[in-house]
Amino acid sequence: MDNKKAALFQQREDATMIRRLFGRKGLNPARIIATLLLAVAASSAGAQEALGIADNAPDRHIVVPGDTLWGIAGKFIKEPWRWPEIWRLNKEQLKNPHRIFPGDVIVLVKGDDGNPQLKIAKPLKLQPKQYTENIQSEIPTIPQSAIEPFLTQPLIVEPEGLENEARIIATQEERVYLGNGDKAFVVNMREPAEMWHVYRPGIPLKDPQTQEVLGHEAFYLGNARLIQPGDPAMVEMQGLKQEVGRFDRLMPATRPPLITYAPRKPDFNIEARLISIYGGVGSGGRNSVISISRGVRDGLDVGHVLALYRNEQRYEHRNEKGEREQVFVPAQRYGLVFIFRVFERVSYALVMESAVPLSLSDILRTP
């Protein structure tokens with residue numbers, strides 16, 4: 001069965017399921033509408049297996065500051081996460097894709113095989129002598145501003161590592177809490193870094209299936225500057241978002257790396273659970289940062305793209321005879337996420353597409 005026939009068959013199956021649901025009594029209309037939206041999203045995803053050109057795709061695009069590789073691809077193709085295909089990147093280039101800068105001209109051409117291809121034309125430099133460092137900033141894969149705090153701050157701490165990290169043991173003048181400019185004494189500062197992040201270990205992140213503790217999500221409090229090395233060392237609080245106290249932890253501050261990894265699906269089948277939506281909210285959507293229950297030990301890497309699925313659901317109601325019946329709704333695909341930071345057992349992902357709001361019961365799979 002070819003892709004078009006398979007898509008039509010799936011659409012008929014979805015339509016049959018929806019007719020049956022609307023024919024039942026006692027079902028929640030909101031749930032039926034959500035199921036309808038998910039079915040449409042799933043059918044659309046299945047119908048776009050072939051790389052398709054976006055509607056009204058331009059012949060060219062001039063790169064400007066604020067562009068992303070994902071966003072540029074979205075102007076040309078229907079599934080932006082597949083832009084390595086239209087750029088014709090090989091496996092060696094996936095972790096170091098094209099370096100694209102503001103002023104570059106991206107053109108859509110026909111490749112030697114007759115299929116569409118993107119290329120960089122001659123860069124547009126209106127003022128060569130004033131081509132500043134800012135203009136030459138490389139274009140990132142995804143919105144850097146949305147994920148920058150999650151690249152620099154120690155947001156996932158391994159359970160066994162908590163006791164060995166630098167921590168505050170005493171405060172200036174025995175104050176209970178510290179503010180900006182206050183000083184504190186810290187032990188276990190083993191690295192010669194000048195700037196440090198201050199955080200407080202948060203609630204444990206558990207695998208929804210096994211209940212295993214995968215890590216602790218740290219709560220970022222602010223920064224501290226080393227002013228006197230030693231053990232204990234002395235630090236000064238800077239840029240605090242909340243008050244700091246004894247036993248709060250510190251980790252060296254690092255410059256955020258530019259995410260240039262090309263999006264790609266894993267070479268293996270994987271299934272993960274959505275553990276949390278950052279900020280403690282119960283639902284989210286596009287541009288939300290989420291943590292998932294798989295990491296380095298499971299083969300995940302920066303750049304991997306996973307599909308979001310609404311978990312399978314069963315609805316119970318009474319039929320016309322008064323008998324209890326169950327309606328089973330299989331898992332439905334409704335979005336995509338980009339893995340941008342991986343830990344041993346947990347990963348952070350940015351939600352790039354979402355047809356419906358996220359839910360903590362959702363699952364993620366290889367697209």
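**View A. Arginine charges over tyrosine rings.** The charged end of arginine 310 lies over the ring of tyrosine 334, 5.0 Å from the ring centre. Likewise, arginine 365 places its charged end over the ring of tyrosine 309, at 5.1 Å from the centre. A charge sits over a ring if NZ of Lys or CZ of Arg is within 6 Å of the ring centre and within 35 degrees of the ring normal. The model is predicted, and local features need pLDDT of at least 70, while side-chain atom pairs count only at pLDDT 80 or more. Residues are numbered from 1 along each chain as its sequence is written, and side-chain values use heavy atoms, without hydrogens and water.

**View B. Aromatic pair of tryptophan 70 and phenylalanine 338.** Three aromatic pairs are counted (rings of Phe, Tyr and Trp, its six-membered ring, with centres within 6.5 Å; planes under 30 degrees apart are stacked, over 60 edge-to-face, the rest tilted). Tryptophan 70 and phenylalanine 338 form an edge-to-face pair, 6.3 Å centre to centre with 80 degrees between the planes. This pair joins helix H3 (residues 69–76), which holds tryptophan 70, to strand E18, which holds phenylalanine 338, 268 residues apart (helices, H or I, at least four residues, and strands, E, at least two, are DSSP runs numbered from the N terminus). Both residues, tryptophan 70 and phenylalanine 338, are buried (under 20% relative accessible area, 1.4 Å probe, protein chains only).

**View C. Ring cluster of Phe340, Phe343 and Tyr348.** Ring pairs connect these three residues, Phe340, Phe343 and Tyr348, into a cluster. Phenylalanine 343 counts as buried at 12% relative accessibility, and tyrosine 348 is buried with a relative accessible area of 1%.

Definitions and conventions: Buried means under 20% relative accessible area, exposed over 50%, partly exposed in between (1.4 Å probe, protein chains only).
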